[in-house]
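Hi,

Here is the structure I promised to pass on.

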Amino acid sequence: MDVRHGVAVIALAIGTLGVAAPVVSALPLGVPPARTLCDGGGAGIGMIAAYYDPDRNYSGLPTLWIRPEFVFAPDRPGGSCGVEVTVSWRNSDTGVYGTLPPIRVDDSTPAEENAAGSWIPVPIPSGLGRVEVLIATDAPHVPGKGVFVVT
């Protein structure tokens, strides 16, 4: 086999693999949580859990669902904890991007009940396509980052 034939076979194999349509699941897609310190009367740490469910939109927009979870240092029981959460997003297919207004969450944040527990809807005006999200807080944190596809 000459080099041109070998290159053609490899190109055909790569092209065949690339043509396969991605499988889009109707299951919720988890986004790695943001880990954060928090303000308040106690020494606390927490995380902002998040997921995207293509079957659950809020206000007709693709929706990221978030839930704060805080714990306190053992020597400070009964403390309170809270942070401002900011969600930034970018649709990598269209180039559209934005940052949503901060959302204040704390131990007593009301959230919408669903089968998976209490979650806060965060509508994202991204349109269709591959959406990258970044979850940050106003306290020292490690951001949560994830990607989901809006179809």
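Below is what I found for a few residues.

Some housekeeping: this is a predicted model, where local features need pLDDT of at least 70 and side-chain atom pairs count only at pLDDT 80 or more, while totals for chains, interfaces and linings use all residues. Residues are numbered from 1 along each chain as its sequence is written, and side-chain values use heavy atoms, with hydrogens and water left out.

Let's begin with Thr63, which sits in strand 3, residues 63-72 (strands are DSSP runs of E, at least two residues, numbered from the N terminus). Thr63 is buried, at a relative accessible area of 0% (buried means under 20%, exposed over 50%, partly exposed in between, using a 1.4 Å probe and protein chains only). Its side chain reaches two backbone atoms: the nitrogen of Tyr58 at 2.7 Å and the oxygen of Leu61 at 2.9 Å. Leaving aside neighbours within four places in sequence, Thr63 is also in contact with residues including Tyr51, Asp53 and Pro121 (contact means heavy atoms within 4.5 Å).

Next, Pro32 in strand 1, residues 29-38. Pro32 is partly exposed, with a relative accessible area of 44%. What does Pro32 touch, not counting residues up to four places away in sequence? The list is Gly144, Lys145 and Gly146. Pro32 and Gly144 are 112 residues apart along the chain, yet their C-alpha atoms are separated by 5.2 Å.

Last one: Ile45 belongs to strand 2, residues 44-52, and is partly exposed at 46% relative accessible area.

Cheers

Note on methods: Helices (H or I, at least four residues) and strands (E, at least two) are DSSP runs, numbered from the N terminus. A polar contact is a pair of N or O atoms within 3.5 Å; within protein, one must be able to donate a hydrogen and the other to accept it, and residues adjacent in sequence count only if both atoms are side-chain atoms.
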